[in-house]
Amino acid sequence: MQDPVIGTDGQFSVRIWLQDVSKFLDTPRIERYYHGFDISAEQFPENPGAIHFSVQDLTIPFPREHWGRYDLVHVRLLVAALEEADYKAAIANIYDILS
């Protein structure tokens with residue numbers, strides 16, 4: 001069974017954060033699943049290796065296959081990226097993907 005970790009962020013730092021955390025959490029006893037989301041695929045790496053990436057708007061619910069899947073969610077720049085009216089929807093959508 002995989003221990004899922006997610007990163008979501010604006011710009012390319014989601015890729016860097018997931019690469020760093022995967023090195024930190026790497027252990028031969030536990031297989032982990034890393035998934036990054038961003039508002040566009042523009043900054044996704046060409047060769048992501050074991051890290052998965054998807055386009056996702058935080059103000060729209062995640063697809064059901066992500067609900068209840070992630071043990072760790074890392075979000076940055078939420079206040080800078082969203083209008084105040086969208087905060088509640090974004091937080092609710094992030095909550096839905098936590099296990």
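1. A charge is said to sit over a ring if NZ of Lys or CZ of Arg is within 6 Å of the ring centre and within 35 degrees of the ring normal. In this predicted model, the charged end of Arg69 meets that description: it sits over the ring of Tyr33, 4.0 Å from the ring's centre.

2. Tyr33 also belongs to an aromatic cluster, which it forms with Phe37, Phe62 and Tyr70. The count of aromatic pairs in the model comes to 4. Two of these pairs are described in the points that follow, with reference to both distance and angle, because a pair of aromatic rings is described by the distance of the centres and the angle of the planes.

3. Phe37 and Phe62 form an edge-to-face pair, with 4.9 Å from centre to centre and 85° between the planes. Phe37 lies in strand S2, whereas Phe62 lies in the loop between strand S3 (51–55) and strand S4 (72–75); the pair therefore ties together parts that are 25 residues apart in sequence. Both Phe37 and Phe62 are buried.

4. Phe44 and Phe53 form a tilted pair, for which the centres are 5.1 Å apart and the planes make an angle of 35°. Phe44 has a relative accessible area of 18% and is buried. Phe53 likewise counts as buried, at 18% relative accessibility, because the cut-off for a buried residue is under 20%.

5. The largest nonpolar core has 10 residues in all: Tyr33, Phe37, Leu58, Phe62, Tyr70, Leu78, Leu82, Ala90, Ile94 and Ile97. Strand S2 (31–38) and helix H3 each supply at least two residues of this core. The element that gives the most to the core is H3, with 3 residues. A second, separate core has 7 residues, among them Leu18, Val21, Tyr34 and Phe53. As general background, nonpolar side chains tend to be buried together in soluble globular proteins.

6. Which residues does Ala89 touch, not counting residues up to four places away in sequence? The contacts of Ala89 are with Leu58 and Thr59. Leu58 is itself one of the residues of the largest nonpolar core.

Methods. Residues numbered from 1 in each chain as written. Predicted model: local features only at pLDDT ≥ 70, side-chain atom pairs only at ≥ 80, totals over all residues. Heavy atoms only, no water. Contact = heavy atoms within 4.5 Å. Core = buried A, V, L, I, M, F, W, Y, C linked by side-chain atoms within 4.5 Å. Buried < 20%, exposed > 50% of the residue type's maximum accessible area, 1.4 Å probe, protein only. Helix = DSSP H or I, 4+ residues; strand = E, 2+ residues; numbered from the N terminus. Phe/Tyr/Trp six-rings, centres within 6.5 Å; stacked < 30°, edge-to-face > 60°.
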